[in-house]
Amino acid sequence: MDRQRIALVQDSFGRLRPHSDRLVILAYENYFAMHPDQRALFPKDLTLQGIKVMSTLAVLVHGLKDLDSLLPRLSELAQIHADYDVSAAHYQDFGTSLISAIETCLGAPLTPEEREAWSEAYSMWAKTMLRAASGQERVR
């Protein structure tokens, strides 16, 4: 990712901080609407899951300037998700759900540039995790 796109993701993420609880709930609601069968894999109360997701998202967003620093975290996440048979389609749908939730929480659609930056960042994270889960990419 280039510096401008990284800045767009990091700036919009900073604006999301006051809405972090709502962001994760909306993202999961959007996702479960697409994959109702996945709901049973998660606790009824998503509060703790939300804290984990926001904490991880913060690490990922802030690590965009140093992608090598993200590999250990992405590899760890990949192994956890592999245990649940998370597929490329699941990752893609959650990314769509997350971006929709971001727009809802910000109260306005992302600009085309922000949307593209978030899509690129999320796609990079997901592809890295899928490669790690399949054993194609390992922590250095």
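The chain has six helices and zero strands, with helices counted as DSSP runs of H or I of at least four residues, strands as E runs of at least two, and both numbered from the N terminus. This is a predicted model, in which local features need pLDDT of at least 70, side-chain atom pairs count only at pLDDT 80 or more, and totals for chains, interfaces and linings use all residues. Residues are numbered from 1 along each chain as its sequence is written, and side-chain values use heavy atoms, leaving out hydrogens and water.

Of the 140 residues, 41% are buried, meaning under 20% relative accessible area with a 1.4 Å probe and protein chains only. Take the contacts (heavy atoms within 4.5 Å) between residues at least 6 apart in sequence: 75% of them join residues at least 24 apart.

Helix 6 runs over residues 112-133 and spans 31 Å from first C-alpha to last, close to the 32 Å expected, a figure that is 1.5 Å times one less than the number of residues. Its buried residues are Glu114, Ala117, Trp118, Ala121, Tyr122, Trp125, Ala126, Thr128, Met129 and Ala132. They sit on the same side of helix 6 because they cover an arc of only 160° around the axis, taken from the directions from the helix axis to the C-beta atoms. As for what they touch, the buried residues of helix 6 pack against helix 1 (3-16), helix 3 (47-62), helix 4 (67-82) and helix 5 (88-106). Just after helix 6 comes Gly135, with a positive phi of about 85°.

Conventions. Buried < 20%, exposed > 50% of the residue type's maximum accessible area, 1.4 Å probe, protein only.
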